[in-house]
Amino acid sequence: MEKKQITTPHAPAAIGPYSQAIRCGQFIYTSGQVALDPATGEIVGEDVQAQTHRVLQNLQAVLESAGSSLKSVIKTTVFLTRMSDFQAVNAIYANYFTGTTPARSTVAVVELPRKALVEIECVALVED
């Protein structure tokens, strides 16, 4: 099965040797997104709520460039530097994923790139 690299200027460029996303068949696998502003490459927001909004906007941009959307996400993985932010992230996350919500794992990590507070990756279906 052929793999296709997905890139968009509407989400932050990769800051290492990886792709924003890969399409393989009807699936899109995104790299983890942190709260980087696509225009400046700087972290947006000092609290987890503002960062979560930016992360989900970045994911949305990557998915749209691949012919999908947040409504077609089937699995997410959320990485938090503080598990105490779990409820705050949930409150924002619930506004982006409505209806049938995707499966999800949430894990606490020691540190994220650029000192971000939250990172989210996902697997989605291509909308045909």
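The model is predicted: local features need pLDDT of at least 70, side-chain atom pairs count only at pLDDT 80 or more, and totals for chains, interfaces and linings use all residues. Residues are numbered from 1 along each chain as its sequence is written, and side-chain values use heavy atoms, with hydrogens and water left out.

The whole structure holds two aromatic pairs (rings of Phe, Tyr and Trp, the last by its six-membered ring, with centres within 6.5 Å; planes under 30 degrees apart are stacked, over 60 edge-to-face, the rest tilted). The ring centres of Phe27 and Tyr29 are 6.2 Å apart and their planes stand at 35 degrees, so this pair is tilted. Tyr93 and Phe97 form a tilted pair as well, with 4.5 Å centre to centre and 40 degrees between the planes.

Tyr93 is buried at 6%, and Phe97 is buried at 5%. Phe27, at 33%, is partly exposed, as is Tyr29 at 40%.

Arg114 has a phi near 60 degrees, a positive value in a residue other than glycine. The phi of Lys115, likewise positive in a residue other than glycine, is near 65 degrees. With a relative accessible area of 45%, Arg114 is partly exposed, whereas Lys115 is exposed at 60%.

Definitions and conventions:
Buried means under 20% relative accessible area, exposed over 50%, partly exposed in between (1.4 Å probe, protein chains only).
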